[in-house]
Amino acid sequence: MHKKTLNPLSSKLGLGLLFAGLAPVLSACPANPSLTTTEGTETEAGTTTDDPSNPTTTNTTPPTTDTDTPTTDTATTDNSTSGPSTDPSTSGDPTTDTTTDTTEGPQDNLCTRLGGAGDGGIKDLVTAFVGGVLLDDKINGYFLNNDVDGGALIGLVTDQLGEVAECPGVTYGGLSMLEAHAGLGISDQDFNDFAADFVTALDAHQGMHPELTDADKTAILDTLGSLKGDIVEDLTSDATVYQRVGRKPAIKGLIGTPDLTDSFVGVVAVNDAINTFFAASDFARLNTCLTRQVGGIDGPTKYGQEVDSPGAGIDEGVGVGNECRDMTSSHEMLMDADMTTITIDDFGALVGDLVTAMGTAGVAAGDQTAILDALGPLCDQIVVGAAEKNKCMGNSEDELAEAPDLALALLDDKYNGNLDTMLCTDIAIAENVDLAFVGNVQLTVGLDHPWIGDVTIKLQSPAGTVLTVLQRPGNSALPDDGTGCCNDSSDLSKDFPVTFKNGGVTNGSKMGTTIAADKIVCKDDSLCEYNPTHLKGPGVDFNDFLGEAPAGAWKVCVGDSNLKDFGTLDYIGLTVTKVKFDPKL
């Protein structure tokens with residue numbers, strides 16, 4: 001018998017048999033649950049043509065020993081160590097072929113004890129191992145994504161084990177252990193679970209190949225442990241939220257189903273504010289998709305890249321052609337009992353129910369925050385309508401642009417309805433490429449004037465839209481050309497600025513009408529917020545600017561009608577709400 005050492009195993013064999021195959025086979029091909037391979041050495045019938053150790057294969061290479069040579073003693077050649085001497089100096093037979101002991105049947109090495117490299121041997125072991133991994137929810141998230149080609153994976157791993165087991169003609173062409181695992185975030189507990197699945201497959205394989213010794217298994221498993229340093233990146237199994245919350249099984253339990261009252265879906269089921277949205281749900285599919293979504297925050301699952309289920313209870317309800325849908329299309333048609341679509345309030349209720357479930361499940365506060373931070377951006381994909389989407393966190397911002405201490409005199413009695421007869425001041429609003437639409441506008445003005453019935457205020461956007469914010473307040477609607485007299489005689493003071501906003505407390509046309517002629521608006525009537533009132537001027541209200549580009553120079557213009565009541569502009573505060581979605585849609 002030829003004694004083959006197991007030294008090559010110390011550098012090549014281990015858990016990497018599975019993981020090393022992972023990186024090279026990332027492709028657009030979906031994982032095949034049957035995990036068959038079409039490697040170059042496999043024929044259509046499933047047999048190989050280059051493995052003399054596999055009794056089911058056909059060796060096309062003629063033996064190196066000519067059995068017709070009478071000087072070769074084939075009768076004494078066997079698989080023992082007591083065969084004929086191959087040293088001519090000791091055998092006395094110069095014609096002895098020194099290669100005859102390697103050609104008479106399979107050698108008794110690790111490859112043959114594993115059953116050869118092909119079907120019935122190493123390939124069956126690898127297929128069973130991978131099959132077990134796919135059914136193991138603790139670790140199958142690394143592989144149940146459609147960018148893992150299962151057939152190619154089995155082929156690579158089979159070649160790797162075949163090479164280190166010294167199967168003739170078998171060469172592994174994959175990455176090294178360190179290269180294959182870089183960036184996968186494999187944890188210590190992942191490693192242990194993969195190892196346990198490998199032990200299960202190896203034990204079962206030994207049952208079909210009793211010639212595989214316990215010593216062989218020990219050597220393989222010892223090598224598995226020696227490769228841990230190249231495979232594991234998370235030695236303490238707590239480097240990611242995915243690991244800390246308990247990996248896929250814990251996430252699956254956290255999501256739950258309606259009958260699991262402490263789970264997220266269970267809490268939603270009793271929340272009358274939102275549960276009707278889920279009345280027609282496929283809860284097995286819902287659990288799978290939400291589990292994959294949370295598991296993909298910093299874990300191995302990839303939402304929307306689902307494959308066919310490899311077994312009962314594993315990623316149910318999804319498959320090739322039936323992947324988890326994007327958030328927008330899966331929520332836009334949902335209606336509650338009032339036949340309304342999902343609003344920002346509904347989304348808030350969902351978040352609240354998730355927080356409740358995470359607290360019950362014992363998810364640490366920091367991890368809860370990380371999960372909410374990751375899922376928060378989904379708000380604008382889940383709520384329906386631009387107005388609701390713009391209420392999602394991060395989808396709007398208010399910019400206040402101010403011009404203080406102006407001390408600019410108004411053009412006395414010059415206003416004729418045109419901007420060029422008014423005192424105009426440019427107010428710059430900055431660009432935000434992510435928030436490219438006007439969602440709202442508000443204007444505050446600090447102004448000294450002894451007769452408010454002479455005052456007209458207009459606002460022009462960078463796009464050229466003009467809104468009459470205030471047109472000569474009082475009890476009559478005068479023309480918007482500076483003519484006529486005289487409306488309200490109350491005063492304005494720069495120390496008591498007035499604000500114009502949609503939904504203001506008071507109609508702007510009634511400004512000052514509740515106080516005496518020498519009293520100051522805002523100071524003496526406590527009315528400091530006004531709804532913009534255009535009367536006979538252009539525009540309607542601040543909604544005139546909705547959907548325009550906010551960035552650029554806005555003009556705030558103040559006009560004066562009638563002689564001798566001089567006014568001074570001191571302060572402008574323009575607030576523009578910039579939003580992500582066009583509010584007109």
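Modeller: A residue counts as buried under 20% relative accessible area, as exposed over 50%, and as partly exposed in between. The structure to which this is applied here is a predicted model.

Colleague: Why is Ala 364 called partly exposed?

Modeller: The relative accessibility of Ala 364 is 42%.

Colleague: What makes Ser 187 a buried residue?

Modeller: Ser 187 has a relative accessible area of 0%. Buried requires a value under 20%, and Ser 187 therefore qualifies. Its place is in the loop between helix 7 (177-181) and helix 8.

Colleague: Which residues does Ser 187 touch, not counting residues up to four places away in sequence?

Modeller: Ser 187 touches Val 232, Asp 234, Ser 237 and Gln 243. To touch means here that heavy atoms lie within 4.5 Å.

Colleague: How much of the protein is buried?

Modeller: Buried residues make up 46% of the 585 residues. The secondary structure comes to 19 helices and eleven strands. Among contacts with a separation of 6 or more, 77% are accounted for by residues 24 or more positions apart.

Colleague: How do you know that the buried residues of helix 12 line one face of the helix?

Modeller: The buried residues of helix 12, which spans residues 247-255, are Arg 247, Lys 248, Ile 251, Leu 254 and Ile 255. Viewed down the helix axis, they fall within an arc of 120°, so they line one face.

Colleague: Against which elements do the buried residues of helix 12 pack?

Modeller: They pack against helix 8 (188-208), helix 11 (241-244), helix 13 (264-269), helix 14 and helix 16. Helix 12 is followed by Gly 256, which has a positive phi, near 70°.

Colleague: Why is the pair of Cys 289 and Cys 324 called a disulfide?

Modeller: The sulfur atoms of Cys 289 and Cys 324 are 2.1 Å apart. A disulfide requires two cysteine sulfur atoms within 2.5 Å, so the pair meets the cut-off. The angle about the S-S bond is -95°, and the link is left-handed. Cys 289 lies in helix 14 and Cys 324 in the loop between helix 14 and helix 15, so the pair ties together parts that are 35 residues apart in sequence.

Colleague: Are Cys 289 and Cys 324 buried or exposed?

Modeller: Cys 289 has 8% relative accessibility and counts as buried. Cys 324, at 6%, also counts as buried. Each value is under 20%, so the term applies to both.

Colleague: What makes Cys 522 and Cys 528 a disulfide, and which hand does the link have?

Modeller: Their sulfur atoms are 1.9 Å apart, and the cut-off is 2.5 Å, so the pair counts as a disulfide. With 90° about the S-S bond, this link is right-handed. Cys 522 is buried at 11% relative accessibility, whereas Cys 528 is partly exposed at 27%.

Colleague: How far apart are the sulfur atoms that join Cys 485 to Cys 486?

Modeller: The S to S distance is 1.0 Å. It lies within 2.5 Å, so this pair also counts as a disulfide. The link is right-handed, with 50° about the S-S bond. Cys 485 is partly exposed, with a relative accessible area of 49%, and Cys 486 is partly exposed as well, at 25%.

Colleague: How many disulfides does a search of the whole structure find?

Modeller: The search finds six disulfides. Counting bonded cysteines along the chain, they follow the pattern 1-2, 3-4, 5-6, 7-12, 8-9, 10-11.

Colleague: What is the volume of the largest pocket, and which residues are closest to its centre?

Modeller: The volume is about 940 Å³. Of the 34 lining residues, the closest to the centre are Phe 278, Leu 290, Met 327, His 331 and Ile 382.

Colleague: Which helix gives the most to the lining of the largest pocket?

Modeller: Helix 14 gives the most, with six residues. Helices that each supply at least two residues include helix 14 (283-295), helix 16 (344-361) and helix 17 (365-375). By class, the lining has 24 nonpolar, five polar and five charged residues.

Definitions and conventions. Residues numbered from 1 in each chain as written. Predicted model: local features only at pLDDT ≥ 70, side-chain atom pairs only at ≥ 80, totals over all residues. Heavy atoms only, no water. 1 Å grid on protein atoms, 1.4 Å probe; cavity = no way out; pocket = protein on both sides within 12 Å on 5 of 7 lines; lining within 4 Å. Points joined across faces, edges and corners; volume = space filled by probe spheres on them. Helix = DSSP H or I, 4+ residues; strand = E, 2+ residues; numbered from the N terminus. Nonpolar A, V, L, I, M, F, W, Y, C, P; charged D, E, K, R; others polar. Buried < 20%, exposed > 50% of the residue type's maximum accessible area, 1.4 Å probe, protein only. Arc of directions from axis to C-beta.
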